[in-house]
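This report describes selected packing features of one protein chain. Please consult the sequence and the structure shown here alongside the text.

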Amino acid sequence: MTTSNNEPLRLSKRMSELGLCSRREADEWISRGWVRVDGKVISELGTKILLTQKVTIERQAAAEQSKRVTVLINKPVGYVSGQAEDGYEPAICLIKPENRWEDDAVATHFHPTQLRSLVPAGRLDIDSTGLLVLTQDGRIAKHLIGQDTSVEKEYLVRVSYSKPGRLPEADLKRLNHGLSLDGKALLPAKVRWQNDDQLNFILKEGKKRQIRRMCEAVGLTVIGLKRVRIGKVKLGNLPEGKWRYLSEAEMF
């Protein structure tokens, strides 16, 4: 739904649309007096503006944003991506100095304040391993999990087939395009055999337990699932249970 130029909308929403920050960051900056509209400081939350009005941010906001960290972790089985649930710990519990990868090339020093507002940009099931992104930067979160995201996620999936022989070629084609979940057609995927018992999946969406449910639909059982890439950022040699900072040179 588009907004006409003469229809006011919340300043925080407009700042998010402009890619300046997340809505949560916008509210924080507005309350600190770091946001100007047509040159005038706006400090009242909920303020509405027109699309034709110019939004600028103070230097303090840009400096604050540049200090925000993004962390990559190789999540082991048994950890949840977000809030603790059913007695399982969240992956953020692993982000402590002793678990930092020894080969992390980023010079940033760890400080407990970096754990504040550090949220997962996407989920990885409790029984899956591999690349999980946690970030304080609302722009990165929006890029990876926003409504219009088209960032690729790549997975290595070990499977067993419930019937004699191999998976028919027609069912491999259905994994690539032709399956539906919850009554809605899935976006085209790229699925190919990596070796005799392992598939390579590349998806541009992330419905709950999507790969496991796709496999079930064609008679495959997932034995192990590992995410190895998000956009241009690869898991690489990051050991399981270890974490590192996203470097300035890396972009999703």
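Helices (H or I, at least four residues) and strands (E, at least two) are DSSP runs, numbered from the N terminus; contact means heavy atoms within 4.5 Å.

H4 spans residues 138–145, and its buried residues are Gly-138, Ile-140, Ala-141 and Leu-144. Viewed down the axis of H4, these buried residues fall within an arc of 160°, so they line one face of the helix. The arc is that of the directions from the helix axis to the C-beta atoms. Buried means under 20% relative accessible area, exposed over 50%, and partly exposed in between (1.4 Å probe, protein chains only).

## Basis of the model

This is a predicted model, in which local features need pLDDT of at least 70 and side-chain atom pairs count only at pLDDT 80 or more, while totals for chains, interfaces and linings use all residues. Residues are numbered from 1 along each chain as its sequence is written, and side-chain values use heavy atoms, with hydrogens and water left out.

## Val-55

Val-55 belongs to strand E5 (residues 55–57) and is buried, with a relative accessible area of 12%. Leaving aside neighbours within four places in sequence, the contacts of Val-55 are Leu-11, Arg-14, Met-15, Leu-18, Leu-20, Val-35, Arg-36 and Ile-49. Val-55 and Leu-11 are 44 residues apart along the chain, and their C-alpha atoms are separated by 8.6 Å.

## Ser-16

Ser-16 is located in helix H1 (residues 11–17). Ser-16 is buried, with a relative accessible area of 11%. Beyond neighbours within four places in sequence, Ser-16 is in contact with Cys-21, Arg-23 and Lys-142.
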